[in-house]
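Please walk through this structure with the text below, keeping the sequence and the 3D view side by side.

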Amino acid sequence: MKRVFLLIATNLAIMLILSISVSVLGLNRFITQNGLNLSTLLLFSAVFGFGGAFISLWISKPIAKWSAGVQVITQAQNQTESWLLSTIERLSKKAGISMPEVGVYEGAPNAFATGASRNSALVAVSHGLLSGMTKEEVEAVLAHEIAHIKNGDMVTLTLIQGVVNTFVIFLARIVAFAVDNFLRKDNDNSGPGMAYYITSFVCELLFGLAASVIVLYYSRKREYRADAGAAELLGQPHTMIAALRRLGNLSVEPLPQNLASSGIAGGSSWSTWFMTHPSLESRIEALSQYR
């Protein structure tokens with residue numbers, strides 16, 4: 001559960017930093033100087049909401065390499081790395097995308113894909129997954145990650161995050177303006193007061209936590225699509241089902257919080273609303289219906 005909240009905190013961090021910068025620069029005064037201009041506020045919210053989401057997308061690949069300790073394979077040093085490169089190249093061609101960067105990292109069984117676009121992505125696999133699965137099962141996991149890239153899941157998730165951020169900023173400032181007006185003196189026209197800044201900051205945190213439910217819902221749905229995409233690339237669902245069953249029998253640890261929604265396996269949570277991944281059982285059941 002701690003990692004899920006850390007993931008949510010990471011998604012909010014850039015937006016909050018931008019919001020604080022806006023307050024320091026005094027742009028809030030421009031929005032509220034003649035009452036609350038909703039059109040200007042909505043435009044302002046969209047610029048900073050989508051800005052924060054796209055900055056997060058833009059830096060996703062280097063941050064992923066750093067946080068997971070990924071070693072990018074530029075030239076195969078052994079048979080396993082040679083097999084990884086050739087398998088991902090074959091799957092990428094079949095999916096119609098450019099060859100992504102390929103990397104390995106130390107850790108429990110897991111894998112992830114990230115990057116700013118379908119043709120500038122990274123697929124990373126843990127040594128734990130390579131040693132804990134058969135080659136056929138690893139290939140299924142790789143197909144799952146390639147399907148994520150083919151589906152444009154990173155960009156779609158960013159767009160959803162941008163919309164969510166926009167309304168979080170928009171609603172937070174409406175509430176802050178109302179609270180500030182309620183507390184200030186009738187003859188005080190000096191611009192937004194301290195109540196405005198405190199309320200907008202608190203509301204962004206609270207609304208952001210609530211809105212994260214929408215983002216995590218999409219995160220779970222895209223796992224089903226990636227599983228089905230893997231089955232399509234492999235020509236059958238049985239190997240992907242076998243890989244998921246194997247994951248259920250392995251000691252899987254969540255990825256760093258900024259990558260929690262990107263891995264083949266997710267962590268646990270006290271509520272399904274705050275899970276980045278659906279259960280392995282439900283994914284296997286969905287694949288069992290694949291035709």
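**Helix pairs, sheet and a buried lysine**

Helices α10 and α11 cross with a left-handed sense. In this predicted model, α10 covers residues 238-249 and α11 covers residues 280-288. Two packed helices are described by the angle between their axes and the distance between the axes. For α10 and α11 the angle is about 165° and the axes lie 10 Å apart. Because angles over 145 degrees count as roughly antiparallel, α10 and α11 are described as roughly antiparallel to each other. On the α10 side the contact is made by M240, I241, L244, R245, L247 and G248. On the α11 side, L280, R283, I284, L287 and S288 take part. Sorted by class, the contact of α10 with α11 has 7 nonpolar, 2 polar and 2 charged residues.

A second pair is formed by helix α8 (residues 153-183) and helix α9 (residues 194-234). Their axes come within 7 Å and cross at roughly 155°. That angle makes α8 roughly antiparallel to α9. The crossing of α8 and α9 is right-handed. Their contact has 21 nonpolar, 5 polar and 6 charged residues.

Next comes the sheet. Its 4 strands are arranged in the order β1-β2-β4-β3, and the sheet is open, with mixed pairing. At the edges are β1 (71-72) and β3 (111-117), each of which pairs on one side only. Strand β2 (residues 101-105) and strand β4 (residues 120-126) run parallel and are joined by 5 bridges. Within this pairing, G103 stands opposite A124 in β4. Helix α7 (residues 135-150) packs on the sheet and touches β3 and β4. The direction of α7 makes about 155° with that of β4.

One lysine deserves a separate look. Is K61 buried or exposed? K61 sits in helix α4 (residues 60-68). Its relative accessible area is 15%. Buried means under 20%, so K61 counts as buried. Which residues does K61 contact, leaving aside its neighbours within four places in sequence? They are E101, T114, G115, S120, A121 and L122.

Finally, the chain as a whole. The protein chain has 11 helices and 4 strands. Of its 291 residues, 47% are buried. Among contacts with a separation of 6 or more, 74% are between residues 24 or more positions apart.

Conventions:
Residues are numbered from 1 along each chain as its sequence is written. This is a predicted model: local features need pLDDT of at least 70, side-chain atom pairs count only at pLDDT 80 or more; totals for chains, interfaces and linings use all residues. Side-chain values use heavy atoms; hydrogens and water are left out. Two strands pair if DSSP finds at least two bridges between them. Helices (H or I, at least four residues) and strands (E, at least two) are DSSP runs, numbered from the N terminus. Contact means heavy atoms within 4.5 Å. Axes are lines fitted to C-alpha atoms, for helices over the stretch in contact, and angles run from 0 to 180 degrees between N-to-C directions. Angles under 35 degrees count as roughly parallel, over 145 as roughly antiparallel, 65 to 115 as roughly perpendicular and the rest as oblique. A crossing is left-handed if the near helix is turned anticlockwise from the far one by less than a right angle, and right-handed if clockwise. Ala, Val, Leu, Ile, Met, Phe, Trp, Tyr, Cys and Pro count as nonpolar, Asp, Glu, Lys and Arg as charged, and the others, Gly among them, as polar. Buried means under 20% relative accessible area, exposed over 50%, partly exposed in between (1.4 Å probe, protein chains only).
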